[in-house]
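Thank you all for coming; I would like to walk you slowly through one structure this morning.

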Amino acid sequence: MDDELIERAREVQKRAYAPYSHFPVGAALRTDDGTIVVGVNVENASYPLGCCAERVAVYSAVAQGHQHFVRIAIVGPGPEVITPCGGCRQVLREFGDLEIVMAEASGVKEPRIMRLEDLLPLSFGKGDMDGV
Ligand code: THU
């Protein structure tokens, strides 16, 4: 378990911009050099333009020069631990397998940890286009 990473996701969740869903999400991504990059969901009056917290974290990390990730912690409002949406699983998969730590804001429920490969089996990636 990476308590520091969960704590960072829990802290940044407070900065989520979710006036439409009222479902704030925080994410914290651990890179292979130990750096932590955070993200929150950012919604929009034009609903489909909103972006999930995980994607904001990944895109920000790439912009900061990171492409190798070991773990992501995600904190939702509860009462159950959050699980990443299908789109975010695919975005994470672009950069290889990693651990997904799923948590809720209050900390009452024990975080759940799974590998991306198990959350997104038989996935499509850049290797699938080799030789075409
Ligand atoms: N959301 C995330 O940020 N991450 C997820 O894994 C699931 C959903 C956001 C999107 C939207 O702003 C709100 O939660 C409700 O779906």
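Let me start with a term: two strands are said to pair if DSSP finds at least two bridges between them. The strands themselves (E, at least two residues) and the helices (H or I, at least four residues) are DSSP runs, numbered from the N terminus. Please keep in mind that this is a predicted model, in which local features need pLDDT of at least 70 and side-chain atom pairs count only at pLDDT 80 or more, while totals for chains, interfaces and linings use all residues. Residues are numbered from 1 along each chain as its sequence is written, and side-chain values use heavy atoms, with hydrogens and water left out.

I begin with strand 1. With strand 3, which covers residues 69–76, strand 1 runs antiparallel and is joined by 6 bridges, and in this pairing Thr31 stands opposite Phe69. Strand 1 also pairs with strand 2, residues 36–40, in the antiparallel sense over 5 bridges, and there Ala27 stands opposite Gly39 of strand 2. Strands 1 and 2 form a hairpin with 4 residues between them, and Gly34 in the turn has a positive phi of about 95 degrees.

Is strand 1 covered or open? Strand 1, residues 26–31, is mostly covered, since 6 of its 6 residues are buried, where buried means under 20% relative accessible area, exposed means over 50%, and partly exposed is in between, using a 1.4 Å probe and protein chains only. In a regular strand the side chains alternate between the two faces of the sheet. Here Gly26, Ala28 and Arg30 point one way, whereas Ala27, Leu29 and Thr31 point the other way, and all of them are buried.

Helix 1 belongs in this picture too. Its buried residues include Leu5, Ile6, Ala9, Arg10, Val12 and Gln13, and what covers the buried residues of this helix includes strand 1, strand 2, strand 3 and strand 4; contact, here and later, means heavy atoms within 4.5 Å.

Now to the charged side chains. A salt bridge is a side-chain nitrogen of Lys or Arg within 4 Å of a carboxyl oxygen of Asp or Glu, and a search of the whole structure finds 7 of them. One of these joins the side chains of Asp2 and Arg30, at 3.0 Å from N to O. Asp2 lies in the segment before helix 1 and Arg30 in strand 1, so the pair ties together parts that are 28 residues apart in sequence. Asp2 is buried at a relative accessible area of 10%, and Arg30 is likewise buried, at 12%.

Arg71 forms a salt bridge with Glu99, with the closest N and O atoms 2.8 Å apart. That pair links distant parts of the chain, with Arg71 in strand 3 and Glu99 in strand 4, residues 99–104, 28 residues apart. Glu99 counts as partly exposed, at 22% relative accessibility.

A further salt bridge brings together the side chains of Asp97 and Arg115, at 2.7 Å from N to O. Asp97 lies in the loop between helix 3 and strand 4 and Arg115 in strand 5, so the pair ties together parts that are 18 residues apart in sequence. Asp97 is partly exposed with a relative accessible area of 26%, and so is Arg115, with 36%. Salt bridges that share partners join Asp2, Glu4, Arg30, Arg71 and Glu99 into one network.

Which side chain of opposite charge is nearest to Arg89? It is Glu54, 7.6 Å away, and Arg89 is buried yet has no salt bridge; in this count Lys and Arg are positive and Asp and Glu negative, while His and the chain ends are not counted. Arg89 sits in helix 3, residues 86–93, and, leaving aside its neighbours within four places in sequence, is in contact with Thr83, Pro84, Leu116, Leu119 and Leu120.

Let me turn to the ligand. An oxygen atom of the ligand is 3.0 Å from an N or O atom in the side chain of Asn41, and a polar side-chain atom of Glu43 lies 2.5 Å from a ligand oxygen atom.

Finally, some backbone details. The peptide bond from Gly78 to Pro79 is cis, with omega near 5 degrees, and Pro79 is found in the loop between strand 3 and helix 3. His22, in the loop between helix 1 and strand 1, has a positive phi of about 55 degrees although it is not a glycine, and His22 is exposed, with a relative accessible area of 61%.

Definitions and conventions: Polar contact = N/O pair within 3.5 Å; in protein donor to acceptor, adjacent residues only side chain to side chain.
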